Structure formats: structure tokens, C-alpha cells
Amino acid sequence: MLALDFSIFPQLETDRLQLTRTNVDHVNELLKMRSDPEVMKFIPRPMARTAEEIIEFIAAIDEKISNHEMINWAITLKGDAKMIGTIGYYHIKPEHFRAEIGYMLLPEFQGRGFITEAIDVVVSYGFAEMKLHSVEAVLDPNNLASASVLEKCGFTKEGHFKENEFYNGKFIDTAIYSKVNS
């Protein structure tokens with residue numbers, strides 16, 4: 001079983017991006033993302049309404065990071081502290097050496113390869129440092145842009161589950177993509 005320790009938070013970087021710990025300086029950008037119907041279109045979670053909700057959300061993330069249950073990074077452009085997105089491992093299954101990756105990006109930064117860069121560095125960290133054997137992504141099958149990014153990053157579609165989750169009064173489908181550390 002994995003023995004995870006995020007007490008020293010890992011800073012990651014790519015040619016264009018810096019990945020750092022999400023904090024209260026990111027409240028406005030997180031609120032902008034999590035309250036945007038287009039950003040949240042394929043994410044079965046309630047949209048945020050207030051900065052207070054985001055502050056509570058950050059506190060919940062911090063607690064889970066402290067308990068080594070998840071890890072989440074703010075995505076920023078190098079040289080600019082403004083958050084443009086988030087990425088992290090939200091469901092870590094230490095007994096299976098597997099974790100679920102999730103990400104979101106402000107609309108004005110989409111379509112420029114930033115998420116592809118972020119996924120690559122986070123998956124590399126997961127395999128090399130966390131000792132994960134596989135990484136999964138669970139998404140709405142209609143989210144073709146996310147599916148395309150995952151495939152570009154070497155993920156394979158493992159399955160399409162019909163009406164396997166219940167959200168907002170209806171059953172929804174999910175697709176599972178994964179990448180194995182080979």
C-alpha cells in the first residue's frame with residue numbers, strides 16, 4: 001500500500017506553468033471558475049455562489065492534503081501568481097496504487113495546451129514520487145475536449161458507464177480513462 005506524505009507540498013513546473021498550493025489568494029479565480037456554467041457544464045457538483053463557499057472549499061482541501069487523502073495544485077503562468085486553473089488527485093486509492101485526476105481551467109486560457117502540460121507533469125509526479133501504478137479520470141462522456149486532452153496525454157478509455165451516478169435529480173453517464181505506469 002502507498003504511504004503518502006504531502007507535509008512538504010510539492011511545487012511542480014513546466015515550460016510555461018507553475019503549480020503551487022491553492023490558497024486564499026486564489027479565491028476570486030476559484031469563484032470565477034466554480035460559478036461559471038460553461039466551466040461547470042460537465043462537472044456534477046453544485047456551482048459556487050459566494051467567496052465564503054470558496055474559502056470553506058479551500059479549507060476542506062487543506063484538511064484533506066494534511067490527512068494525505070488528496071493533493072491539489074493551483075495552475076499559474078510562470079511569473080504571474082494569478083491562478084488560471086486547478087489540477088489534482090481527488091480520490092487516492094493507496095491500497096490499489098491508483099488515483100483519480102481532475103482539472104479545470106478558466107475559459108480564457110482553454111485551448112492553448114495548458115491542461116495538457118499540467119496533466120503531464122502531475123501524472124509524472126504521481127508515477128515517480130507518489131509511486132502510483134495507474135491514474136484514472138472520470139468524466140462526462142459528452143466532454144469531448146477533455147477526452148481529447150486525456151488521449152493526447154496517453155490515457156485510454158476503459159469504459160462508458162450508463163446512468164451510474166445520480167446528480168441534480170437525474171442519472172448521468174460517466175466515462176473512465178486511465179493511464180498505467182509502464
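Ring pairs link Phe-9, Trp-73 and Tyr-125 into a cluster; rings of Phe, Tyr and Trp (its six-membered ring) pair if their centres lie within 6.5 Å. The model is predicted, so local features need pLDDT of at least 70 and side-chain atom pairs count only at pLDDT 80 or more, while totals for chains, interfaces and linings use all residues. Residues are numbered from 1 along each chain as its sequence is written, and side-chain values use heavy atoms, without hydrogens and water.

**Helix α4**
- Twelve of the 15 residues of α4 are buried, meaning under 20% relative accessible area, with exposed over 50% and partly exposed in between (1.4 Å probe, protein chains only).
- Among the buried residues of α4 are Phe-114, Glu-117 and Tyr-125.

**Salt bridges**
- The whole structure holds nine salt bridges, each a side-chain nitrogen of Lys or Arg within 4 Å of a carboxyl oxygen of Asp or Glu.
- Arg-16 pairs with Glu-117 in a salt bridge, with the closest N and O atoms 2.4 Å apart.
- Arg-16 is in the loop between β1 (12-13) and β2 (17-21) and Glu-117 in helix α4, so the pair ties together parts 101 residues apart in sequence.
- Glu-117 is buried at 18% relative accessible area, whereas Arg-16 is partly exposed at 34%.

Definitions and conventions. Helix = DSSP H or I, 4+ residues; strand = E, 2+ residues; numbered from the N terminus. Phe/Tyr/Trp six-rings, centres within 6.5 Å; stacked < 30°, edge-to-face > 60°.
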